[in-house]
Amino acid sequence: MRQPGDEKTILVSICCIAYNQAEYIRDALEGFVTQRTNFAYEVLIHDDASTDGTAEIIKEYARRYPEQIFPILQTENQYSKGMTNISGTFNFPRARGRYIAMCEGDDYWTDADKLQKQVDFLEAHPHCSLCFHSAKVEVQGRAFTERMMRPYRGSRRVRPEEIIDKTSGYPTASLMFRRKMVEQLPDFYVQAPIADIPLQLLAAERGWAYYMDEPMCVYRLGGTFSWTNLMKEGDYERKQREYAQAMERMYRGFDERNGGRFHGTVAHAVRRLRYLTWVNTRRFSKILAAENRGFYRELNLRTRFFIRLEAAYPGVYRWLQGAFHGTTRGRK
């Protein structure tokens with residue numbers, strides 16, 4: 001592990017964004033500073049004007065590791081001003097490493113050799129554009145969900161077409177790629193409503209990826225200020241519709257940038273995106289339509305069961321949901 005004062009060349013830049021994650025941020029920071037490596041690395045962390053003490057914890061770690069942790073602590077929230085490209089604006093431009101490793105402030109790494117394993121692979125395979133791995137899922141509160149993010153069964157190469165059009169997401173805290181990939185960000189990335197999928201598209205246009213079937217991080221699901229929970233506030237259907245439209249523009253921009261060489265793959269990915277927004281907003285006529293049977297079969301068995309239950313017996317479904325979350329009141 002790199003010690004303060006070590007002047008070796010930085011090989012990896014860890015890029016982290018945080019907002020109101022005081023409950024979680026220590027886990028992320030500990031995961032960074034306890035990595036066992038034979039190279040130097042830096043931690044670039046951006047706090048978006050947290051109000052819960054997150055910034056104070058970051059400052060504490062920056063004082064303890066002044067040669068390793070480099071924070072930007074905003075006094076005005078950038079996301080509320082329409083800034084969605086936080087990493088690309090504030091972290092990527094100051095990265096000194098050959099490689100960038102991603103981790104958001106409410107997720108954390110559980111394997112002290114994670115960076116070394118990924119760097120060793122990328123160093124040995126110069127044509128690999130992205131290295132990622134599986135994650136354990138840690139649910140905040142109560143929810144019926146998978147306990148693993150495991151996109152594939154077994155470590156293997158992943159073709160560009162599979163990166164673009166995939167049935168399961170890649171954990172953001174697992175991503176490592178070459179810094180030169182983000183030195184000049186295209187419009188489709190800058191204008192996207194989220195950052196992880198356009199990053200993966202940038203990797204796809206450069207070649208193949210490698211998946212390590214090891215859960216070396218934890219993805220926290222359902223944190224108070226997570227993107228998923230913020231999306232559910234207010235008019236959820238409108239937000240889902242606008243999100244789908246923005247993501248479709250992102251895919252079209254990627255397709256145009258690459259001269260249509262992935263056109264069929266992109267078109268299928270857009271269809272899946274639309275389908276998943278219907279799942280989120282419970283558009284049962286679309287979800288269960290015969291022409292969408294292929295996408296329906298991609299859903300896990302638990303999700304399919306609850307879709308069928310809610311579509312056929314909405315009252316029973318609401319009662320079961322209330323009982324599970326402890327909101328159902330017994331009759332007098």
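## Where H7 meets H9

In helix H7, Ile197, Pro198, Leu201 and Leu202 touch Met247, Met250, Tyr251, Phe254 and Arg257 of helix H9; contact here means heavy atoms within 4.5 Å. Sorted by class, this contact has eight nonpolar residues, no polar ones and one charged residue. For that sorting, Ala, Val, Leu, Ile, Met, Phe, Trp, Tyr, Cys and Pro count as nonpolar, Asp, Glu, Lys and Arg as charged, and the others, Gly among them, as polar.

A word on the model before going further: it is predicted, with local features needing pLDDT of at least 70 and side-chain atom pairs counted only at pLDDT 80 or more, while totals for chains, interfaces and linings use all residues. Residues are numbered from 1 along each chain as its sequence is written, and side-chain values use heavy atoms, leaving out hydrogens and water.

## How the two helices are set

Two packed helices are described by the angle between their axes and the distance between the axes. H7 covers residues 196-204 and H9 covers residues 236-257; they pack at an angle of about 15°, with their axes 11 Å apart. That angle makes H7 roughly parallel to H9. Angles under 35 degrees count as roughly parallel, over 145 as roughly antiparallel, 65 to 115 as roughly perpendicular and the rest as oblique. Axes are lines fitted to C-alpha atoms, for helices over the stretch in contact, and angles run from 0 to 180 degrees between N-to-C directions.

The crossing of H7 and H9 is right-handed, meaning that the near helix is turned clockwise from the far one by less than a right angle.

## A second pair: H1 and H2

Helix H1 (residues 25-33) and helix H2 (residues 54-64) have axes that come within 10 Å and cross at roughly 20°. This makes H1 roughly parallel to H2. Their crossing is right-handed.

From H1, the residues Ile25, Arg26, Leu29 and Glu30 meet Thr54, Ile57, Ile58, Glu60, Tyr61 and Arg64 of H2. The contact divides into five nonpolar, one polar and four charged residues.

## Salt bridges

Side chains of opposite charge can pair when their charged atoms come close. A salt bridge is counted when a side-chain nitrogen of Lys or Arg lies within 4 Å of a carboxyl oxygen of Asp or Glu, and this rule gives 24 salt bridges. In one of them, arginine 220 pairs with glutamate 138, with the closest N and O atoms 3.1 Å apart. Arginine 220 sits in strand E10 (residues 209-221) and glutamate 138 in strand E6 (residues 130-139), so the pair ties together parts 82 residues apart in sequence. Arginine 220 counts as buried at 6% relative accessibility, whereas glutamate 138 is partly exposed at 27%. Buried means under 20% relative accessible area, exposed over 50%, and partly exposed in between (1.4 Å probe, protein chains only).

Arginine 150 bridges to aspartate 213, the closest N and O atoms being 2.7 Å apart. Arginine 150 lies in the loop between strands E7 (148-149) and E8 (156-158), and aspartate 213 in E10, so this pair ties together parts 63 residues apart in sequence. There is also a network of salt bridges linking Arg156, Arg159, Glu161 and Glu162.

## The whole chain

The protein chain has 14 helices and ten strands. These are DSSP runs numbered from the N terminus (helices: H or I, at least four residues; strands: E, at least two). Of the 332 residues in the chain, 51% are buried.
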